[in-house]
Amino acid sequence: MFDVPADTTWLWVGLVLVSATMLGVTLSLPTAPPDAERAASTIDSVAATDYPGSATIDLQAEAVKIDSERISLRGAGGRAHADIQYGPVTPVPPNSRLERVLDGQSPASVFDGSIAFAGAAERATGRPASWRENSETLRVRQVTYGEVNRVLVGA
């Protein structure tokens, strides 16, 4: 006798308003920053071995900054930084010969010798780090060319 009928309009309107409010609260909660530790661990796993190898991971970040001993990620939840334990690594500039090697080409087919490869890697390591926008994938490759051994990192 005192039950509320489920087909009343005001009951459904109230349910919609409560649902919309809960959805708004959920969407307005801050998100966590990107996982820089996972990226640094991936770099370390390739750098720690004595053999040439490579790895690729999705960053889930809006921008990345790669230094010879640190990686930083920026996303909707803020910034995150992590140290690279097995550094220094070589941050690969976009559209460079080092990027071609990072992508899988042999260093012998890209450079005129191991000294040229080492010089390009040293110049890349000495550059100041800058943010790279829209970098969705982190690529890591350990390369040995003659007596030169480098860990190339790019996004």
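The model is predicted: local features need pLDDT of at least 70, side-chain atom pairs count only at pLDDT 80 or more, and totals for chains, interfaces and linings use all residues. Residues are numbered from 1 along each chain as its sequence is written, and side-chain values use heavy atoms, with hydrogens and water left out.

The protein has 5 helices and 8 strands, taken as DSSP runs (helices H or I, at least four residues; strands E, at least two) and numbered from the N terminus. Their order along the sequence is α-α-β-β-β-β-β-α-α-α-β-β-β.

Of the 155 residues, 37% are buried, where buried means under 20% relative accessible area, exposed over 50%, and partly exposed in between (1.4 Å probe, protein chains only). Among contacts (heavy atoms within 4.5 Å) between residues at least 6 apart in sequence, 63% join residues at least 24 apart.

There are 5 salt bridges in the structure, each defined as a side-chain nitrogen of Lys or Arg within 4 Å of a carboxyl oxygen of Asp or Glu. The table includes three of them.

| Salt bridge | N to O distance |
|---|---|
| E133 and R74 | 2.3 Å |
| R139 and E99 | 3.3 Å |
| R139 and D103 | 2.2 Å |

R139 lies in strand β7 (residues 137-145) and E99 in helix α3 (residues 97-102), 40 residues apart. E99 is buried, at 16% relative accessibility. D103 sits in the loop between α3 and α4 (107-110), 36 residues from R139. Shared partners join E99, D103 and R139 into one network of salt bridges.
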